[in-house]
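Here are a few friendly notes to read alongside the model. Take them one at a time, and keep the 3D view open as you go.

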Amino acid sequence: MIEAILDFNFMQNAFAAAVLASIACGLIGTIIVEKKLVMLSGGIAHTSFGGIGLGYLLNIEPIYGAFAFAVGASLAIASIRRKIGTGSDTLIGMFWSLGMALGVLFIGFTPGYPPDISSYLFGDILTVRRVDVWMMGALTVFMLLAIISLFNYWKAYLFDEEFLRVLGVKSTLLENFLFIMIALAIVILIRVVGIVLVIALLTAPPAAARLYTEDLKKIMGLAVVFGLIFSFSGLTFSYYYDLPSGAVIIITAALFYFGSVVVRGSNE
Amino acid sequence: MTYAVELEDISVNYGELEALKNINLKVEEGAFLGIIGPNGGGKTTLLKVILGLIEPQKGTVKVLGYPLNETIDQIGYVPQISNFDRNFPISVLDVVLMARLGGRVRFFHQYHKEDVKKAEAVLDQLNLLHLKKRQIGKLSGGQLQRVLIARGLAVEPKILLLDEPTASVDASSTSQIYELLKELNKEKTIIVVTHDMAAVSSYFDSLACLNEKLYHHGDKHLDPETTEQVFGCPVDLIAHGHPHHVFAPHGEEAKND
């Protein structure tokens, strides 16, 4: 496989995508898990399917459509959530199916043969193109900088947003920023594991990492490492045995998490 | 004279629901004030108004004689511990350090040595220094409560505001916490929202009773009789001591002494 990575363009792209996806899921996944925004992220991911459909319909790159829909959905959810207070799961469910429905509708309107959408739904790391890698790279660098440069604020925001507001920090700015970053992370991960499977890759690495350490920074780092392990297992199986990479990544991640729970206890 | 906290004619509505109605409250500097009242009586709302977390529909808030946005750094806030995810991966020292973040977001912010020293000094003052590396889930309720008080103090405020500081701690921790607050009261104004009647009688030097309106009770003088009246807050409150306003529950002003 290492020779293949050196020789073949598509394997280089897959390799880069695996690394970038692991960084994204480690950083944003940790925040999502600790802030209990898992279902919300699932809602944003599924809403982005509407953008993919629109991309096909308008004959633009579907992933750009997904990008626009994900950012739009996350900001909309954030602002409606602030208005109605708690109980945002109804709202999330609504966005979740609405996005899927719009996607199906747009694809229905698309003239000609219906496109194969399964790589967007379930991911296919071997079909990642160079242009995808560049986009993923740019987004990952942006997220990395955003999280490192504001780390102390993120930590305080995750732990006790209200106290931050009392100190005079505008926590809604942080929140909107975070929601945009969740959208970015989802767009990065769509090419690798797909819309349907993205939640597991966002949650399993940080949840497993949490079992091994009690420090937020270390959880993020360890989650990136775990993400790498899962992604490369997917890449390997996909390359040698022609298995669907997204599925293998998720199954490895879930098995690893359950294994960690058994080994490490519930960490209480 | 300037008051530590001065509320003038504050009203807060949540949609149709009136949470606070025409609240006037003056808290003297150096006071140890308990705000009591039934659940849903607006205690937490009042606290959040003082903290600037809720913008009142009507009325003004002054802290130490200035509008709130100029003096917000003079208030140390201690929230209820039941609001927290105790499994959150953060150490005691990091919780207290939050207080040193300041009000402005700065990129690549690092805590200074003085920040760490200040945080450790406060932890030491509260006998918590040996726990500084511990994850907060591994503390007892009383310890976590004191960690939050330490965080409030690390802001270096003139006023300390506490929301139900003894709601989820055992009896011995309760008295320990009030002894601590009494000690801190030598230098700071302390305002506590509580339903803890035992504390009311023994520690506070003034009381305010809240149920949508404020039945302010400047002094505490709590004999069994008064205690009952305080509990029966929405119905009536008989006057004791000085600055004292009693409103009839049905809207008409009853009397003033």
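1. Let us start with a term. A crossing of two helices is called left-handed if the near helix is turned anticlockwise from the far one by less than a right angle, and right-handed if it is turned clockwise. Please also keep in mind that this is a predicted model.

2. Now try the term on a pair in chain A: helix H9 (residues 171-210) and helix H10 (residues 216-241), whose axes come within 8 Å and cross at roughly 130°. Which hand does the crossing of H9(A) and H10(A) have? It is right-handed. As for the angle, values over 145 degrees would count as roughly antiparallel and 65 to 115 as roughly perpendicular, so H9(A) and H10(A) are oblique to each other.

3. Next, look at the residues where these two helices touch. On the H9(A) side you will find Val192(A), Pro205(A), Pro206(A), Ala208(A), Ala209(A) and Arg210(A). They meet a set in H10(A) made up of Ile219(A), Leu222(A), Ala223(A), Phe226(A), Gly227(A), Phe230(A) and Ser231(A). Sorted by class, the residues of this contact are 10 nonpolar, two polar and one charged.

4. Step back to chain A as a whole. There are 11 helices and zero strands in chain A, and reading along the sequence gives α-α-α-α-α-α-α-α-α-α-α. The radius of gyration of chain A is 18 Å, close to the 18 Å that the globule rule gives for 268 residues, so chain A is as compact as a globular protein of that length. The C-alpha trace of chain A spans about 55 × 45 × 30 Å along its principal axes.

5. How much of chain A is buried? Buried residues make up 52% of its 268 residues. Among the contacts in chain A with a separation of 6 or more, 75% are between residues 24 or more positions apart.

6. Chain A also touches chain B, in a contact that takes 21 residues from chain A and 18 residues from chain B. On the chain B side there are 13 nonpolar, four polar and one charged residues.

7. Finally, two residues of chain B deserve a look at their backbone angles. Asn127(B) is not a glycine, yet has a positive phi of about 55°. It sits in the loop between helix H4 (113-125) and helix H5 (141-154) of chain B. Is Asn127(B) buried or exposed? With 12 other C-beta atoms within 10 Å, Asn127(B) is exposed.

8. Glu156(B) is not a glycine either, and has a positive phi of about 60°. This residue lies in the loop between H5 and strand S7 (159-163) of chain B. Glu156(B) has 13 other C-beta atoms within 10 Å and is partly exposed.

Conventions: Residues are numbered from 1 along each chain as its sequence is written. Chains are lettered from A and ligands numbered from 1 in the order in which they are written. This is a predicted model: local features need pLDDT of at least 70, side-chain atom pairs count only at pLDDT 80 or more; totals for chains, interfaces and linings use all residues. Axes are lines fitted to C-alpha atoms, for helices over the stretch in contact, and angles run from 0 to 180 degrees between N-to-C directions. Helices (H or I, at least four residues) and strands (E, at least two) are DSSP runs, numbered from the N terminus. Angles under 35 degrees count as roughly parallel, over 145 as roughly antiparallel, 65 to 115 as roughly perpendicular and the rest as oblique. Two residues are in contact if their C-beta atoms, placed from the backbone, lie within 7 Å. Ala, Val, Leu, Ile, Met, Phe, Trp, Tyr, Cys and Pro count as nonpolar, Asp, Glu, Lys and Arg as charged, and the others, Gly among them, as polar. The radius of gyration is taken over C-alpha atoms; the globule rule is 2.2 Å times the number of residues to the power 0.38. A residue is buried if 20 or more other C-beta atoms lie within 10 Å of its own, exposed if 12 or fewer, and partly exposed in between; C-beta atoms are placed from the backbone.
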